Amino acid sequence: MDHIERLEARSVHVFREAYANFKNMCMLWSIGKDSTVLLWLARKAFFGHVPFPLVHIDTNYKIPEMIEYRDKLAKKWKLDMIYGQNEEALENKQTFPEGNATRIECCRLLKTTALRNTLNGRGKRYRLNHDTGEYQVDRNREPYTGVIVGVRADEEGSRSKERYFSPRDTENLWDIGDQPPEFWNQYKTDFAPGTHLRIHPLLDWTELDIWKYIKRENIPTVSLYYDQGNGKRYRSLGCYPCTFPIDSTAKTVDEVIEELESGLLKNIAERSGRAQDKEDGGGLEELRKNGYM
Amino acid sequence: MIETTREKEDMNLVFVGHVDHGKSTIIGRMLADTGSLPDGKLEQVKENCKRNAKPFEYAFLMDALKDEQSQGITIDSARCFFQTPKRNYIIIDTPGHIEFLKNMVTGASRAEAAVLVIDANEGVRENSRRHGYMLSMLGIKQVAVLVNKMDLVDYNREVFEEIVKEYTDFLEKINIDPETFIPVSGMNGDNVVSRSNEMPWYKGRTVLEELDQFKTEKIPEEKPFRMSVQDVYKFTKDGDNRRIIAGTIDTGVIQQGDTVVFFPSGKKSRVKSIEEFNKPIQSVKKASEHVGFTLDEQIYVRRGEIATINGQPKPKVSTRIKANIFWLGRKPMIKGKEYFIKVGTQKVRARLERIHMVLDASTLVKREKNQVDRHDVAEITLKMEKAIAFDLAEQSNKTSRFVLIDDYEITGGGIITASQEDQQAWVRDKVLVRNYKWIKSAISKDRRAEKYSQKASLILITGEKGAKRKEIAKDLEQTLFDDGKFVYYLGIGNILYGVDADIKEEGKDTNRKEHLRRMAEVAHIMLDSGTILIITAVQLLEADVETIKAIVDEELIETVWVGSDISTDIKPDLHITEFNEIREATQIIKSRLQEKGVIFKPF
């Protein structure tokens with residue numbers, strides 16, 4: 001078995017353990033490369049099927065190509081697609097930079113709060129109706145007890161401490177100092193009523209592994225990751241006010257891999273184009289304790 | 001780019017040792033000195049230290065959490081990625097504080113090799129030894145020992161050698177033969193990546209060189225085939241009618257055409273195809289790979305069973321095991337309390353039956369105790385509610401490991417050292433042969449259930465003499481029959497004088513177990529036909545129910561106790577205390593069957 005096969009085997013195992021143990025499960029799909037690989041791995045684990053809904057938190061500030069790509073794949077692969085958003089914050093203009101919020105506050109409202117309310121069912125869930133091709137308000141408001149998320153340990157400090165199965169309490173909080181033990185392919189799959197688990201099948205993957213897998217499996221990715229002729233491309237995707245493209249002429253998956261392995265990006269942090277990380281040392285750790293992915 | 005075309009090896013490596021002995025510092029130093037950090041990371045951490053008026057430490061590169069930096073200790077294991085020309089390493093940094101032993105175990109269990117750090121100034125401490133012991137329990141055989149902070153003892157060779165001697169003696173007692181001892185200073189970088197000028201007396205390898213000397217774990221392909229069944233999938237969407245048995249192969253190899261036998265049930269079939277998404281058709285799958293296969297004949301297997309190959313050594317099956325465990329729970333492990341044990345994908349209720357001895361892992365002192373406290377290591381006997389399949393630790397580490405669960409949390413882990421006799425063993429042996437030889441019908445269980453609009457079920461009605469068990473049974477049979485159900489009340493007498501004629505001794509209660517076994521076998525056949533079967537018996541014991549469960553699928557059994565006081569040790573699914581008319585009791589049972597989905601529940 002080679003490196004990528006090992007990673008794939010571990011991820012598939014985690015997926016199947018999750019599916020066997022959680023009745024009401026969903027998977028977060030941010031449209032980015034990581035969660036798209038995650039989606040692909042789900043199809044590996046379940047032999048071409050994705051037997052749970054995919055949830056996208058739409059901040060309304062996503063780069064338009066992302067939404068287009070999301071709906072195209074959702075229809076093509078017949079995915080059970082759901083999106084949720086913080087309509088109240090959008091209405092009240094508690095946003096950045098147009099509204100009256102800082103970057104971190106904007107993240108907290110449009111992502112963390114929206115995510116929390118979509119997961120626990122207090123917020124509206126819009127579900128894709130494959131017959132009409134339109135989204136409609138979903139009647140199902142059952143809270144999800146298992147949430148699959150595509151975070152990787154190499155992204156940032158607090159993520160390097162994550163478990164494959166990571167509990168969140170009733171308030172969605174993460175007790176980072178007191179995480180459950182996890183060993184020998186055995187995970188925390190029992191949980192008290194009211195709590196839920198985040199499941200992280202991609203924990204051991206690096207950015208480079210992700211790209212190599214995209215190449216090997218020929219996984220479709222959104223065009224924003226490639227230079228379209230202006231010498232710029234995105235390395236990490238998010239909302240347009242806070243995510244900036246990098247200077248790069250990589251036009252294909254091969255060129256992206258080449259760039260990561262030996263070229264220009266070898267020693268530059270992946271999230272360097274994400275502005276919210278830079279506010280307050282440990283910004284992401286704080287966001288994550290409160291439920292951010 | 002000049003590089004060998006050969007794929008690099010992977011290795012997970014763990015750093016362990018007593019708190020403050022410098023694990024994170026050495027790792028941070030190694031990353032910095034090999035240029036493995038992203039540009040600007042080192043400067044950023046240094047800048048942060050300056051702003052907070054703290055001296056810079058290499059450990060800050062590893063200890064990412066705010067609490068960790070402010071307390072100066074590692075709280076949770078962290079992974080970092082590190083490369084040499086030979087390998088891709090995942091380096092796992094673990095906490096050395098006793099409070100976070102569970103985090104150390106979490107980190108170490110993922111590793112193939114370990115680096116244990118001892119402070120030259122402080123010498124061998126409690127957790128130097130405890131961590132050494134945990135490594136041996138977790139099955140990690142390759143250990144390199146770093147004697148750190150040599151700068152604090154003036155790079156004195158004698159200090160180093162004394163520690164080498166003391167710790168080698170300890171490791172010998174727990175069957176670990178260390179690869180090497182290296183004198184280092186994480187703070188100054190001596191012998192971490194580059195050779196030290198301060199210790200000309202040391203001729204061995206640097207830490208970096210030593211890492212590449214560890215051997216990668218061999219994938220256990222030669223061992224008997226074992227796969228813990230994770231699930232059986234039938235996704236009917238878009239006309240997919242494959243029924244796929246899925247799991248990750250623990251040991252061995254499986255091929256299309258192999259005859260597979262599942263344990264603990266003993267059911268058997270042949271591998272028809274190996275399935276995988278987005279891959280060309282394959283015919284062989286090996287240890288550590290994820291796999292899905294379909295079977296020639298449809299047999300009913302489910303998550304928790306272990307798939308094996310016919311003709312290869314069989315796993316053990318029992319309800320009692322002897323095991324070595326470590327306990328991490330805040331509450332002690334005590335007798336009389338119910339826990340869950342997870343072995344592979346099996347999850348069963350278990351009780352602590354006996355504590356053979358308790359060991360303090362940091363001193364190796366054995367003690368007799370009547371409970372297992374937090375951070376204790378113990379040899380115990382566990383009694384499970386139903387039989388599990390497993391191997392012994394000496395045969396395979398993958399299928400002999402388990403975790404224990406107390407109140408939703410994993411609170412301990414262990415390895416099975418022996419299978420112990422249990423009361424149902426004689427029954428189970430017969431059942432294994434019966435399942436192996438069973439002639440399968442072409443009509444599946446599901447199709448029968450659909451046809452009859454009911455799930456096959458065994459309703460065992462028990463209670464004291466005179467509790468009106470038989471009257472209830474007859475009324476229930478009548479009621480369900482009138483509802484159009486396929487139901488049968490089997491009186492004990494119907495079996496005693498026919499099936500049991502050869503062992504029936506008038507007026508005596510001999511051969512009770514064999515009577516029970518035959519009754520359960522008859523029930524098994526009738527359930528296979530899709531029937532709802534009602535049987536009554538006087539004062540069933542828990543042991544009787546266990547025997548029946550060894551023969552009949554326990555999910556199909558519903559035990560009912562009739563009468564106000566339960567006068568045996570049985571734990572019935574349903575307890576009917578009072579009723580004025582027989583019909584009331586019948587209705588209670590009927591509602592129960594509806595709740596359970598055995599029969600249809602009208603809206």
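**Two domains in chain A**

A: Happy to: in chain A, the C-alpha centres of domain 1 and domain 2 lie 21 Å apart. This is a predicted model, where local features need pLDDT of at least 70 and side-chain atom pairs count only at pLDDT 80 or more, while totals for chains, interfaces and linings use all residues. Residues are numbered from 1 along each chain as its sequence is written, chains are lettered from A and ligands numbered from 1 in the order in which they are written, and side-chain values use heavy atoms, with hydrogens and water left out.

Q: Which residues of chain A belong to domain 1 and which to domain 2?

A: Domain 1 of chain A covers 3-205 + 280-289, and domain 2 covers 207-277. The bounds come from an automatic or database domain assignment.

Q: How many residues are in contact between domain 1 and domain 2 of chain A?

A: On the domain 1 side 39 residues are in contact with 31 residues of domain 2 in chain A; contact means heavy atoms within 4.5 Å.

Q: And what area is buried between domain 1 and domain 2 of chain A?

A: About 3000 Å², with carbon and sulfur atoms giving 65% of it. That is the accessible area (1.4 Å probe) that the two parts lose on being put together, summed over both.

Q: Which side chains meet in a salt bridge?

A: Those of Lys44(A) and Glu217(A), at 3.4 Å, N to O. The count between domain 1 and domain 2 of chain A is one salt bridge, meaning a side-chain nitrogen of Lys or Arg within 4 Å of a carboxyl oxygen of Asp or Glu.

Q: Switching to chain B, is strand β3 mostly covered or mostly uncovered?

A: Mostly covered: seven of the seven residues in β3(B), residues 87-93, are buried, which means under 20% relative accessible area (1.4 Å probe, protein chains only). Strands here are DSSP runs (E, at least two residues), numbered from the N terminus.

Q: Which residues are on each side of β3(B)?

A: Arg87(B), Tyr89(B), Ile91(B) and Asp93(B) are on one side, with Asn88(B), Ile90(B) and Ile92(B) on the other.

Q: Which strands pair with β3(B)?

A: β1(B), residues 9-17, pairs with β3(B) in the parallel sense over seven bridges, and there Asp10(B) stands opposite Asn88(B). β2(B), residues 78-83, pairs with β3(B) in the antiparallel sense over six bridges, with Arg79(B) as bridge partner of Ile92(B). Pairing takes at least two DSSP bridges between the strands.

Q: What joins β2(B) to β3(B)?

A: A hairpin, through three residues.

Conventions. Buried < 20%, exposed > 50% of the residue type's maximum accessible area, 1.4 Å probe, protein only. Helix = DSSP H or I, 4+ residues; strand = E, 2+ residues; numbered from the N terminus.
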